[in-house]
Amino acid sequence: MSRATMEDVARLAGVSRALVSIVYRDAPGASDATRARVLAAGNELGYRPDHRARLLGRTRTRLLGVTFDVRAPFHGDLVEALYSAAEAAGYDLTLSAVAPSRAESRAVQSLLDYRCEALILLGPQLPASALSTLAESQPVIAIGRNVRAAGVDVVRTDDSAGSRLAVEHLLSLGHTRILHIDGGKTPGAAERRTGYRKAVRQAGLEARVQPGGRTEADGADAAKTFLNDPPPVTAVTLFNDRAATGFLDTIRQSHLEIPADLSVVGYDNTAIAGLSHLNLTTIAQNTAALATQTITTAHSRLTGSPPTTPVVIPPTLVPRCTTAPPREEPHR
């Protein structure tokens with residue numbers, strides 16, 4: 001079946017094509033009765049206006065483009081918060097996904113093709129030079145990456161403070177041997193690693209860092225390394241909830257004594273962390289504050305304000321069932 005066109009709607013409604021265009025653009029020039037007749041004809045034919053063609057005729061699109069990683073649950077939480085914040089400010093969002101088969105550069109180009117007025121990049125991994133080039137033609141706001149690039153605004157969580165909260169929580173429970181499994185080169189990983197090191201050293205303890213990653217598979221691999229030669233620790237902090245989930249699943253399936261009392265802390269407070277079978281203690285990023293500040297920054301740049309200094313938002317601890325006081329002796 002061929003797709004209904006504007007001409008088809010005009011013919012069925014008994015009006016001109018120009019009048020159909022006026023109705024679907026919600027522009028003045030058509031009576032209420034005519035609008036109702038045109039919309040009824042469009043519904044009957046299953047007509048869908050070409051959104052991109054409509055945008056081409058506008059001086060402003062009021063569209064904000066957002067790139068996000070389909071593999072990152074936290075990005076989904078952020079996108080939801082961004083929709084609410086954008087709507088409140090009179091903007092709409094266009095999303096473009098980054099995936100194993102779709103590079104970040106392609107995701108950005110798609111947003112540029114839609115004439116988005118500003119780009120909001122969640123955890124961008126493009127080089128700083130590429131981000132600066134993008135910022136020469138439209139506002140660019142990076143969320144979650146402490147990037148230094150000319151013209152690029154940054155809104156992020158204080159990840160160093162987040163790791164400190166995790167360590168301080170474990171210290172309050174009596175843990176003195178704490179391992180951090182890091183996120184490699186993922187945005188935010190360096191800050192979380194630094195925050196962990198500072199917190200344990202300020203407590204007079206030894207910093208222990210094991211390579212990890214950001215996915216469940218990375219967490220599972222880290223658990224296998226951990227189980228192969230268990231370090232003398234009673235608690236573990238991980239880069240994010242996904243890695244913590246993979247780590248815990250592998251530890252629990254090992255049938256060793258370790259799962260009984262090893263405390264584990266994740267990061268991001270994604271939906272999976274609160275599931276009853278996991279109940280993961282984690283660090284929550286304030287998605288509402290991140291989103292509101294991002295939209296505010298985009299609006300400021302679009303109305304002529306100069307670039308802002310990086311906005312850093314504090315996280316909070318969400319204690320659940322995966323942390324508890326340690327036994328007298330650490331695992332060996």
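## A first stop: Arg115

Where in the chain is Arg115 found? In this predicted model, Arg115 sits in the loop that links helix 6 (104-113) to strand 3. Its phi is near 60°, a positive value in a residue other than glycine. Arg115 counts as partly exposed because its relative accessible area is 30%, which falls between the 20% limit for buried and the 50% limit for exposed.

You will find Asn269 in the loop between strand 9 (263-265) and strand 10. With a relative accessibility of 25%, Asn269 is partly exposed.

## The whole chain

The protein chain contains 12 helices and 12 strands. Its radius of gyration is 25 Å, well over the 20 Å that the globule rule gives for 332 residues, so the chain is more spread out than a compact globule. Along its principal axes, the C-alpha trace spans about 85 × 45 × 30 Å.

How many of the 332 residues count as buried, as a percentage? The figure is 50%. Contacts also tell us how the chain folds back on itself: among those between residues at least 6 apart in sequence, 68% join residues at least 24 apart.

Six strands form it, in the order 2-1-3-4-5-11, and their pairing is parallel. Strand 2 (92-98) and strand 11 (311-313) stand at the edges. Each of these two has a single partner strand, so one side of each is left without a neighbour in the sheet. On average, neighbouring strands of this sheet are turned by 20° against each other, direction ignored.

Strand 4 and strand 5 (residues 152-157) pair in the parallel sense over four bridges. Here you can find Ile143 standing opposite Val155 in strand 5.

The loop between strand 4 and strand 5 holds Ala150. Is Ala150 buried or exposed? Ala150 is exposed, because its relative accessible area is 59%, and the limit for that label is over 50%. Leaving aside neighbours within four places in sequence, Ala150 is in contact with Ser132 and Ala135. Ala150 and Leu131 are 19 residues apart along the chain, and their C-alpha atoms are separated by 8.1 Å.

Helix 5 (residues 73-88) lets you check a simple prediction. At 1.5 Å a residue, its 16 residues should span 22 Å, and the end C-alpha atoms are 24 Å apart, which agrees. The buried residues in helix 5 are Phe74, His75, Leu78, Val79, Ala81, Leu82, Ala85 and Ala86. An α-helix has 3.6 residues a turn, so residues three or four places apart point the same way. Keep that in mind as you read along the list of buried positions.

What do the buried residues of helix 5 pack against? Their partners are strand 1 (63-69), strand 2, strand 3 (118-122), strand 4 (140-143) and helix 12. After helix 5 comes Gly90, whose phi is positive, near 85°.

Helix 12 (287-302) lies across strand 1, strand 3, strand 4, strand 5 and strand 11. It runs at about 170° to strand 5.

Asn286 is placed in the loop between strand 10 (282-284) and helix 12. At 35% relative accessibility, Asn286 is partly exposed. A polar atom of its side chain lies 3.0 Å from the backbone nitrogen of Ala289.

Leaving aside neighbours within four places in sequence, Asn286 is in contact with Ile313 and Pro314. Asn286 and Arg164 are 122 residues apart in sequence, and from C-alpha to C-alpha they are 16 Å apart in space.

## A last stop: Thr34

Finally, turn to Thr34, which lies in helix 3 (residues 32-45). Why does Thr34 count as buried? Its relative accessible area is 12%, and buried means under 20%.

The side chains of Thr34 and Ser31 are joined by a polar contact of 3.0 Å. Leaving aside neighbours within four places in sequence, Thr34 is in contact with Val15 and Leu19.

How values were computed:
Residues are numbered from 1 along each chain as its sequence is written. This is a predicted model: local features need pLDDT of at least 70, side-chain atom pairs count only at pLDDT 80 or more; totals for chains, interfaces and linings use all residues. Side-chain values use heavy atoms; hydrogens and water are left out. Buried means under 20% relative accessible area, exposed over 50%, partly exposed in between (1.4 Å probe, protein chains only). A polar contact is a pair of N or O atoms within 3.5 Å; within protein, one must be able to donate a hydrogen and the other to accept it, and residues adjacent in sequence count only if both atoms are side-chain atoms. Contact means heavy atoms within 4.5 Å. The expected span of a helix is 1.5 Å times one less than its number of residues. Two strands pair if DSSP finds at least two bridges between them. Axes are lines fitted to C-alpha atoms, for helices over the stretch in contact, and angles run from 0 to 180 degrees between N-to-C directions. The radius of gyration is taken over C-alpha atoms; the globule rule is 2.2 Å times the number of residues to the power 0.38.
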